Amino acid sequence: MTVGMGEAKKTRRRAKGHSMQTTSPAVTEAPNNEVKGALVHKGDFGTDKNVDMASDNVTIKEHGYKPAYFGQWKMDRSDWGMLGVLLLLALAVRCFRLAEPSQVVFDEVHFGKFAGRYLNGTYFYDLHPPLAKLMFAAAGRIAGYDGVFDFKSIGLDYVAADVPYVGMRLLPAVLGALTVPMAYATLRSCGYAIDTAALAAVLVCVENGLVTQSRLILLDSPLVFFSAATLTCWALWWTYQDRAFSRGWWAWLLATGTAMGCAASCKWVGLFLFPTIGLSTAKDLWDKIADRQLSLRRLMLHFAARALALLAVPAATYVFWFWVHFAVLRHTGDDAAMMSPEFQTSLLGSPQVTTDRDVFYGSEIRMRTTNARSGFLHSHMHLWQHEKGSGQQQVTIYGYADPNNLWVVEPAFNTSVDTSGGPVPVASGSLLRLRHRVTGKYLHSHNHRPAMAAGDDQKFELAGYGFANFSGDSNDDFRLEILRGDAEGAGEHLQAIGSKFRLIHVNLGCAVYNSRKKLPNWAFGQTETNCMRSCHPRMSTWHIEHARFPNATQPMPKTEYRRPSLWDKLREYNRLMADSNENLTGDHPFASRPQNWPWLRRGTAYWGGHGRLIYQLGNPLVWWASLAAVVAFVHVRLLLFVLAKRRICPQLGGGRAQYLSSAGFFSTAWACHYLPFFLMDRELFLHHYFPALWMAIIVLACSVDLATCALPRPVRSIAYLSALLAALYAFHCFSYITYARTWSKDACLSAKWLSSWDFDCEHAVGGVRATNPPPASAAATVAKPAPAAIVASDNPPVNPMPGMFSGASNNATTQPVFVTPEFVGSADVVDGSRLADVADAKFHEEL
């Protein structure tokens, strides 16, 4: 583990004994800035005209300031051998017992199903970008998956259905394994010796949380892979700084941008790479601006190259994978109803809407919400029943085309229009009424509170009002406000499809508004609409999908939805994703907040069988040590800033420049991938921390190297070996919940190092739920799940872990079962809210 340390040790020893000096020794450079198998140290500085005391930068051959650890790194035989050994070790760790359990686990319910949708070309919606799911579909196709198995619920048997699940799980396992040699290559690129780079790689290899996530059909393994690839390529790019614009320089810069785009195309967490790389780029370019030897033309080329590789290439990569997504999903499906009618026209099998273009007084119309896709303005012969309601006829939003969605446009109360010259078009700004065609009631609002906002004095009930021999009143009057027209003339006169408009109540000054809230059963679970003052136009915008003038004496001009472009579809899909993520709130029993992640306060239950379980929990020693390393770096950096004010520049055993540059960058990367979660109100889970964890492990290796750099080689080797043995011990302790291995109740209880770790030891051998499955009635009688709950299979032998909470009662009939956190889909919205905007749906309510 000490191979390749020679040059680094020599350089550090030269600093020993004068680490607090403020005089400057000469900068040492090897010929051609190159040392075989390791980066060149640029010297141990006190103060020097070529050294920036604040940033620890030095001037080197290529124009500009570079990190002090910069040099050329070339792989030698020892590096290739070490990479091969690490890759084989990582594959063995990730692929061990890959076929276990042979049942659907956790969010394989969703992402396995999505792979099948890709294979049969059926459209679906998910709140994450498509790349990782496309990769699973490709893996499934190679493995022989035909897309028929529906992954309907946790606990379904793969073997009985002849699903090639091992081949699909192999993809995340291989991607997870590759992050291990990436850690090695990253630190070698930063100038660290083989032993330090190997330490980081092995710690990544035996991190239980990363292992668990990379053995299942889940999105986080591809995300971590592309995040790690981005930072590895970035580190390798820095080794080419004395050969700017060379082939290698361009290759690693473009690879960095491509990996960034792929990470963002897996999950939006990958977007945190942009501030990470962006801050490093900004610092680099700022230093180049200060270099007076650099011509303006060359400086502009540096700016342009980074803009191309780090902005344009990631954006193009992101768009490309969405293009593939749309190209593959060509056929309509249940989830297509969540998209706009324009979007649906691009799917094979979707109904094509053709209707009269112009809307006249006397036209029958069907109005639908424009931005929420909740459905159509609807009324039926049932009355409002809420406490502060009027008891008049319900007006709601319903998701299906229905005769009760039809309204007739009439002039305002006590007014008329002259139709002697033919049909009169409805102009923007006109006052009008809408009469329900089936019941004859007028759309009406008044000073009564709506059902779902009884305490809000800015919202008013919408109702259907009227009776025989009654001509209505002024509370039936609305003003038409056309916001925009997508066709010629649609901005001045009301047109079907082309005009996007609001209806403003004349007396109350409120707009007909889609609250997106699901009404109670007495309103058939349909979506509430009310009249709201000062509301945002987005949820109060409507358009007419169907119009017919019954008294037409000649053919009327027709119109239809415009077929959207790629950019239109991309914009709509991503806006829907943003809404979904923003509204992904609830009370999932295994949700956690960011302040608990680095401490590993608790994990996430994935699956349970007889004597076995999978519980997502990291290697606690790795988590806690990596957190300590990041915190230590912050304190060291602050202390060095203070000492620099007094012109004191301790060299930290000769490793100052290297430590501050590398640990500083990866600590910044950690912060960029961790701190933004504190700003999010959506439900979060432990696996959101995994990209930041990989970066924290790199900081840990840098810190161990700094702490041991002045030690004799045997002592340093013992320290490294002790760290590895401790990590391996913890990995073994928790391997039972990583690999779903059979273990005893006593072993399970002894593994609870923290009382907050709530894996249920009653599933271990000797526990009350380990020997016999609960009876069928018990499997079906579970506590009411959180909104995200997915109830286990009805097949008792594979009922996944009732009673996952260790503090709960031992009565299996009252325990909550598995829940899955991250999916929103229309197939789970029932009754009249089937087409409700995905922004309302927080999780599956039923499956």
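The charged end of Arg-741 sits over the ring of Tyr-736, 4.2 Å from the ring centre. Such a placement requires CZ of Arg or NZ of Lys within 6 Å of the ring centre and within 35 degrees of the ring normal. The charged end of Lys-752 likewise sits over the ring of Phe-759, at 5.3 Å from its centre. The model is predicted: local features need pLDDT of at least 70, side-chain atom pairs count only at pLDDT 80 or more, and totals for chains, interfaces and linings use all residues. Residues are numbered from 1 along each chain as its sequence is written, and side-chain values use heavy atoms, with hydrogens and water left out.

A search of the whole structure finds 52 aromatic pairs. Rings of Phe, Tyr and Trp (its six-membered ring) pair if their centres lie within 6.5 Å; planes under 30 degrees apart count as stacked, over 60 as edge-to-face and the rest as tilted. Trp-384 and Trp-522 have ring centres 6.1 Å apart and planes at 85 degrees, so this pair is edge-to-face. Trp-384 is buried, with a relative accessible area of 5%, whereas Trp-522 is partly exposed at 24%. Buried means under 20% relative accessible area, exposed over 50%, and partly exposed in between (1.4 Å probe, protein chains only). Tyr-736 and Trp-743 form a stacked pair, 5.2 Å centre to centre with 15 degrees between the planes. Both Tyr-736 and Trp-743 are buried.

The largest nonpolar core has 163 residues. A nonpolar core is a set of buried Ala, Val, Leu, Ile, Met, Phe, Trp, Tyr and Cys residues joined through side-chain atoms within 4.5 Å. Trp-743 and Phe-759 are among the residues with the most contacts inside this core. A second, separate core of 30 residues includes Ile-365 and Leu-480.
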